[in-house]
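Here is a short tour for anyone meeting this structure for the first time. Have a look at the picture, then read on.

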Amino acid sequence: MKTTAGRRPVCFRQREYGLFLVVLLIVLSGCAAQKVSTNSLAPTIEQSARPVLLADANPKALPSEAPVHDASSEEPLDPFSKPGEEGIEEYDPWEPLNTKFFEFNRQLDRWVLKPVAKGYNFIVPNVVQVGVSNIFYNSRATPRFLNNMFQGKFTGAGIEVGRFLINTTVGIGGFFDVAQHYFKLTTPEEDTGQTLGFYGVPPGPYLMIPILGPYTVRDLAGYAGDIALNPIYWLILPTMHNIDSIPTVVSIDERALTYGISLAARGTEVVNERSLNLEKFQGVEESTLDLYAAVRNAYLQKRAKAIRE
């Protein structure tokens with residue numbers, strides 16, 4: 001960093017400010033978020049899953065047969081299945097703390113995110129919301145491509161390249177998902193957490209992270225890995241380095257600008273995804289006996305199924 005001895009105290013203050021913004025950006029940046037299925041603050045139960053009504057609270061009243069999922073199964077996950085039915089260990093040693101964070105996220109969604117999303121939904125047409133979601137999904141093509149390669153899924157890696165090229169050009173920066181609608185190019189999403197699971201890394205304890213939502217220790221490490229693998233944070237908005245020799249669109253000296261753009265983009269994505277899912281979680285809280293356990297079970301099933309695929 002080019003400084004003089006007389007300006008060193010200012011440099012120190014800039015470093016402290018930059019360090020604070022880096023931590024905040026890592027918390028809010030969304031490289032491991034899924035395309036549309038869930039929102040980190042709202043209850044993350046699959047839309048097709050059958051809610052358990054209070055009248056059905058007795059476990060004996062639930063269907064005795066557990067659904068069987070293989071790699072090609074399209075059956076919805078059952079967030080209310082008993083632990084072990086899907087071969088999933090619900091290891092939650094920090095449940096007392098996790099439940100507090102879960103309630104914090106739920107109230108934050110209720111009083112802040114959902115009202116903002118309703119206003120956003122009133123102003124922004126649905127077709128634009130879907131396009132915005134597609135743009136953010138398209139921007140995360142590199143981590144998905146690399147994780148396909150890491151797992152030896154070369155067909156999936158090729159599909160990701162094809163999707164990115166088509167949607168970035170013909171799809172106008174990814175706003176339109178031309179690759180799926182016209183060329184039928186689809187492949188399961190791959191992330192660093194799945195790659196770690198592919199190589200036998202155990203999931204570890206279940207975590208509920210403030211603002212971010214449910215994770216396991218393995219998936220949280222994968223979340224950080226996905227951020228590091230995304231070239232946007234190296235070449236376009238250089239929030240991951242301070243190296244003059246790496247070419248960037250925005251100067252590395254403009255830290256406040258890069259952090260501001262990144263946080264604004266992440267905030268837009270979160271509100272946009274919540275707006276797209278406003279009706280998805282209607283009535284879930286009222287119809288579920290133990291919402292925390294249901295969300296945990298659904299998340300662990302979903303991640304286990306993603307790794308099997």
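Which helix does Ser-133 lie in? Ser-133 is part of helix 3, which covers residues 126–139. Keep in mind that this is a predicted model.

Ser-133 counts as buried because its relative accessibility is 3%, and the cut-off for buried is under 20%.

## Helix 12 and its arginines

Helix 12 has 18 residues, and 15 of them are buried. From first C-alpha to last, helix 12 reaches 26 Å, close to the 26 Å expected at 1.5 Å a residue.

One of its residues, Arg-303, is buried with a relative accessible area of 10%. The Arg-303 side chain makes a polar contact of 2.9 Å with the side chain of Asp-191.

A search of the whole structure turns up 14 salt bridges. Among them, Arg-296 pairs with Asp-92, the closest N and O atoms being 2.8 Å apart. Arg-296 is in helix 12, whereas Asp-92 is in the loop between helix 1 and helix 2, 204 residues apart. Arg-296 and Asp-92 are both buried.

Strand 1 (residues 206–209) and strand 2 (residues 213–216) pair in the antiparallel sense over four bridges. They make a hairpin with three residues between them, and Ile-211 in the turn has a positive phi of about 75 degrees. Tyr-206 stands opposite Thr-216.

Side chains in a regular strand alternate between the two faces of the sheet. In strand 1, both faces are covered: Tyr-206 and Met-208 are buried on one side, Leu-207 and Ile-209 on the other.

## Out on the surface

Met-149, Phe-150, Phe-154, Phe-198 and Tyr-199 form a nonpolar surface patch, with about 550 Å² of accessible area together. Phe-150, found in helix 4, is partly exposed, with a relative accessible area of 40%.

How values were computed
Residues are numbered from 1 along each chain as its sequence is written. This is a predicted model: local features need pLDDT of at least 70, side-chain atom pairs count only at pLDDT 80 or more; totals for chains, interfaces and linings use all residues. Side-chain values use heavy atoms; hydrogens and water are left out. Helices (H or I, at least four residues) and strands (E, at least two) are DSSP runs, numbered from the N terminus. Buried means under 20% relative accessible area, exposed over 50%, partly exposed in between (1.4 Å probe, protein chains only). Patches are made of residues with over 30% relative accessible area and no salt bridge: like charges are joined within 9 Å, nonpolar side chains (Val, Leu, Ile, Met, Phe, Trp, Tyr) within 5 Å. Accessible areas come from the Shrake-Rupley method with a 1.4 Å probe; for residues, only the protein chains shown count as cover. A salt bridge is a side-chain nitrogen of Lys or Arg within 4 Å of a carboxyl oxygen of Asp or Glu. A polar contact is a pair of N or O atoms within 3.5 Å; within protein, one must be able to donate a hydrogen and the other to accept it, and residues adjacent in sequence count only if both atoms are side-chain atoms. Two strands pair if DSSP finds at least two bridges between them. The expected span of a helix is 1.5 Å times one less than its number of residues.
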